There are 2 protein chains.
Amino acid sequence: MQTQNLSSENSNTKTVFIKMAISAWDGYNARVSKLLETLPDEELLAETAPGRNTGIYLFGHLVAVSDALFPILGFGERLYPGLDKIFVDSPDKSGHEMPPVKELKEYWSKVNAKLSNHISQMREDDWFTRHNNVSEADFKKEPHRNKLNIILNRTSHTSYHLGQLVYLTKK
Amino acid sequence: MQTQNLSSENSNTKTVFIKMAISAWDGYNARVSKLLETLPDEELLAETAPGRNTGIYLFGHLVAVSDALFPILGFGERLYPGLDKIFVDSPDKSGHEMPPVKELKEYWSKVNAKLSNHISQMREDDWFTRHNNVSEADFKKEPHRNKLNIILNRTSHTSYHLGQLVYLTKK
């Protein structure tokens, strides 16, 4: 009986943690999507502040970083591996041709839909396993570097750039 | 034996998750502190982008929001309750007199030092109890609205405004 209670407490604790992390992740992605809906595509081409990154660069950066989650979390291959060269390895105004805003929006939807699908099928215990950017030896020493931690980190990353993207909205 | 394993597994999961959340929180606060060190005080008075919030307003906002954590997390009274009127309840340029940057930096250090002290003394299970901004009835239905979730939310909040504050740095 005690075993059963502890087992169920353990499972509840995990369920609650996972819910906390995924809710936050979904929430910030939804805020980005909402912002994109309210901004005419051409306004995304502007700089978020004088001399700073353009909206389209930051948006493409978010798409690329989310797309990179597939291999990191063991969800399979990326959908758009070509985005990294433009939006991660190079700064804005690097001269690389960017996909049109309309296309990036499609990528964003597809990446998020596919991620959500994988996330919904994830077994709870799998969230606390090693992600593919950390070695087995390092993970042994630092078990907090698990898959769910990637979600936490990426949520703050999205939030950081959302704070900049909102500067594209009318004052 | 099985009971002990489950109990210990449960405790490990909690330890790991708490470590994930607190590391992220500390990390973003450290990034704000680092930015403040590199910015001359007078540059914090500028707008982060034309017509947008000033650096000092955003910084005061972060101090006020962190200070508000004391009662929310059951850590006792706030240190600087007067900040809310200026930095939370009112927008920037409301006409309220702001404390000088030097003073706000002192507040930031003191709030963070006192918070860290409370956080380090927190018992693991306490993190998963109800925070003081949610009713007992709601918490029963939504157990993810616990104290640790406040830390997760505030981390993304800090990150959002950090993304804006970095626009004060020289290009």
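**Close-up views of the interface between chain B and chain A**

**View 1. Charged and polar pairing between the two chains.** In this predicted model, the count of salt bridges between chain B and chain A is zero. Polar contacts do occur, however, and across the interface of chain B and chain A twelve residue pairs meet that rule, with both residues at pLDDT 80 or more.

**View 2. The side of chain B that touches chain A.** Two helices of chain B, α1 (2–38) and α7 (147–165), each supply at least two residues of the side that touches chain A. Of the elements of chain B, α1(B) gives the most to this side, contributing 15 residues. By residue class, the side of chain B that touches chain A divides into 18 nonpolar, 17 polar and seven charged residues.

**View 3. Extent of the interface.** Contact involves 42 residues of chain B and 42 residues of chain A. The area buried between chain B and chain A is about 3,600 Å², and carbon and sulfur atoms give 63% of that area. Within chain B, the residues that lose the most area to chain A are B:R52, B:Y160 and B:Y167, which together account for 20% of what that side buries.

**View 4. The surroundings of B:R52.** B:R52 is found in the loop between α1 and α2 (55–67) of chain B. Leaving aside residues up to four places away in sequence, B:R52 touches A:V166, A:Y167, A:L168, A:T169, A:K170 and A:K171 in chain A, together with B:E47, B:D92 and B:K93 in chain B. B:R52 is buried yet has no salt bridge, and the nearest side chain of opposite charge, that of B:E47, is 8.4 Å away.

Conventions
Residues numbered from 1 in each chain as written. Chains lettered and ligands numbered in written order. Predicted model: local features only at pLDDT ≥ 70, side-chain atom pairs only at ≥ 80, totals over all residues. Heavy atoms only, no water. Contact = heavy atoms within 4.5 Å. Buried area = accessible area lost by both parts, 1.4 Å probe. Salt bridge = Lys/Arg side-chain N within 4 Å of Asp/Glu carboxyl O. Polar contact = N/O pair within 3.5 Å; in protein donor to acceptor, adjacent residues only side chain to side chain. Helix = DSSP H or I, 4+ residues; strand = E, 2+ residues; numbered from the N terminus. Nonpolar A, V, L, I, M, F, W, Y, C, P; charged D, E, K, R; others polar. Buried < 20%, exposed > 50% of the residue type's maximum accessible area, 1.4 Å probe, protein only. Lys, Arg positive; Asp, Glu negative; His and termini not counted.
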